[in-house]
Each structure stands twice: as C-alpha cells, then as structure tokens.
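My entries follow in the order I made them.

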Amino acid sequence: MGENESFWESLIYAHPTCVAWKQEPEGSIYHLASILFVVGFMGGSGFFGLMYVFSLLGLGFLCSSVWAWLDICAADIFSWNFVLFVICFIQFIYVTYQVRSVSFEKEFQELYSSLFQPLGISLTVFRKIVLCCDAEVVTLEKEHCYAMQGKTPIDKLSMLVSGRIRVTVDGEFLHYIFPLQFLDSPEWDSLRPTEEGIFQVTLTAETDCRYVAWRRKKLYLLFAKHRFISRLFSILIGSDIADKLYALNDRVHVGKGLRYDIRLPNFYQVAVPGTPKVQPAEQLVSNSRQKFTNIANCDSSKK
C-alpha cells in the first residue's frame, strides 16, 4: 500500500502547481481548433455523419498543429496533433471512397429512398441486395407476359419498379400489381427452398414496365449469409401478400349482395352456411396466391 500511495503522490504532487495563471489568452488559431472540436463531435451516424466528424476533427487537429508550431513551439504537441490530423484525413478519404462506391442507377436510388431507407436500411446492406440481382433492371413491354398460368416455373422473386401488371386466372381479372410491389410474392412464399413449382396465374404488363429480379438460388444464398436481409425480405413479402389479399377482397362477393371480408371469416360462414370453412386471415397471409384465386373462381361460378 505504501508503494502505491507514494506512486500516486509522486504522480499528483511531483509537478509544481500553478501559482500565477497566464493573463494573456491564446491565439485565434487555438480557439478556432477548440471550436472545430466542439462542432465536430456533434456529428451524426452513417456515411455522411462520419465524413462530417472526420473533416471537422481533422481541421481541428491541423489548427492545433499550427498553434503548437508557431505559438508555443512545442515539438511533441505538434507531432501528436499532426499525427491525429493525418489519421482523420485518411479516414475521411476512406469513407468518401465508400460513399462513392455505393452508387446506383436512378431506379435503384428511387427504390432505396422509397422502400428501404424509411426502414433504416443502410447503403451497404442495400448494396448487397442490389449486387444479388446483378444491379440489373429488366424491361417488360406492354401486353407481354411476365408469367403464364401453368407454364412458367417459379425460379425468381421480382419487384415492380415502374408500370402496372395485370393478374388473371383462367382469363378472369384478379388484381393489379403497382410499383414497389412484388410480382410473385405468393408463389415465393408457397414454396420451400428445395421445392419447385409453376405459376397458377398469368401476369401481363398493362403498360411498359421495369422490374428488378432476384434469382431464387442466389437470393437464398444471400439469406444464408446475412440473416438480417432474410428477416427484412420476410417482412416485405408478408406485407406484400397481405396487400394483394385485400386487393382481391375488394372484388370478391357472396350471394344476396353480401361482400366477403377476409378480416371477418365468421361472418362469411353465417351469411352463407353452405360454403366451405374459410381460413383465418393470419393463415391466408402466409399462403400462396393459388389458394385465394380459388375463391375468385368459386365466386364467378356462383354468378
């Protein structure tokens, strides 16, 4: 204990105390450096936040180096501040390079700002998603089919960027697909990773369309490497299926002018006792489009 006490006493009391404080303030360069430090530490997160922090801290350390070299002529203070300035400068160049490397085409930029950025997805994560589809946007001309009922295999997952897609089954209209919606989310959700299947509906472009397509196997490899992206797509696909179910619900009616609502399956049973039991909405959301197209077929046969 005595040795420890002597160590701390020597550390604290070995240096002479300040008897008379310096009356003259330091030069303007020193105060400018202090202001840059204060403002620099107010930076935010993300790429642009890092650029803000490193740029202002670097300027602050540069001003401190100039102050140490010109005003107090202290080589050690100058050396440390200059080394810190060099580190901040290197970090700023590195972050700037990362921001420049994470650049996309206009359609991917709009996709990010409209869908992924509001969810708090960073540009680095979005870049992995874009690279998975080879950063390619596919064009589908008017009246051309994206998928044909009973013929097209389910081998990818696509999201509409622009245009409008018409969904039909046996020639009967079901619903539309609009931008920022998946083209084949029910088909994707209906199959396991090892299963194969074909479309039970026909998807036709009503206008010239542009969409992004992820190959099935390649996307599953991305999910295996990054669980966060897997959970993200699971949420987006589930929400998209729910939107399609409610869009289909607007067209489904039952006898006697009653309107079938998937949110109230029990009401459907009371109104038409002879119909088969309908699944709850929670189960319908996780099923494929094939199941709820059968409802439309049943409705058309009643009419």
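I began with the exposure of phenylalanine 82. This residue is partly exposed, at 37% relative accessible area. My cut-offs are under 20% relative accessible area for buried, over 50% for exposed and partly exposed in between, with a 1.4 Å probe and protein chains only. Phenylalanine 85 counts as buried, at 18% relative accessibility.

The model is predicted: local features need pLDDT of at least 70, side-chain atom pairs count only at pLDDT 80 or more, and totals for chains, interfaces and linings use all residues. Residues are numbered from 1 along each chain as its sequence is written, and side-chain values use heavy atoms, with hydrogens and water left out.

**Ring pairs.** I searched the whole structure and got 18 aromatic pairs. Rings of Phe, Tyr and Trp (its six-membered ring) pair if their centres lie within 6.5 Å; planes under 30 degrees apart are stacked, over 60 edge-to-face, the rest tilted. Phenylalanine 82 and phenylalanine 85 make a tilted pair, because their planes stand at 45 degrees, with ring centres 5.9 Å apart. Both sit in helix α4 (residues 75-101), three residues apart, which means a separation of about one helical turn. Helices (H or I, at least four residues) and strands (E, at least two) are DSSP runs, numbered from the N terminus.

I then took phenylalanine 116 and phenylalanine 126. Their ring centres are 5.1 Å apart and their planes are at 50 degrees, so this pair is tilted. The pair links distant parts of the chain, 10 residues apart: phenylalanine 116 is in helix α5 (residues 106-116) and phenylalanine 126 in helix α6 (residues 123-132). Are these two residues buried or exposed? Phenylalanine 116 and phenylalanine 126 are both buried.

I also found a cluster: ring pairs link Phe182, Trp188, Trp214, Tyr220, Phe223 and Phe233. Arginine 216 lies over the face of Trp188, 4.9 Å from the ring centre. Elsewhere, the charged end of arginine 164 sits over the ring of tyrosine 176, at 4.3 Å from its centre. The test asks for NZ of Lys or CZ of Arg within 6 Å of the ring centre and within 35 degrees of the ring normal.

**Helix α6.** I listed its buried residues: Leu123, Val125, Phe126, Ile129, Val130 and Cys132. They pack against α3 (46-70), α5, β7 (209-215), α8 (216-225) and α9 (227-249). Contact means heavy atoms within 4.5 Å. Aspartate 134 follows α6 and has a positive phi, near 60 degrees.

**The sheet.** Which strand order did I find? It is an open sheet of three strands, β1-β7-β3, paired antiparallel. β1 (137-140) and β3 (156-162) are the edge strands, each pairing on one side only. Pairing needs at least two DSSP bridges between two strands. The twist averages 35 degrees from one strand to the next.

Four bridges join β1 to β7. Threonine 139 has arginine 210 as its bridge partner in β7, and valine 138 stands opposite tyrosine 211. Six bridges join β3 and β7, with serine 158 partnered by alanine 213. Five of the seven residues of β7 are buried, so this strand is largely enclosed by the rest of the structure.

**Record check.** The unreviewed UniProt entry annotates residues 77-97 as "transmembrane region". Over residues 77-97 I read 100% helix and 0% strand, with end C-alpha atoms 31 Å apart.

How values were computed:
Axes fitted to C-alpha atoms, helices over the stretch in contact; angles between N-to-C directions. UniProt positions renumbered as here; feature names shortened; annotations may be inferred.
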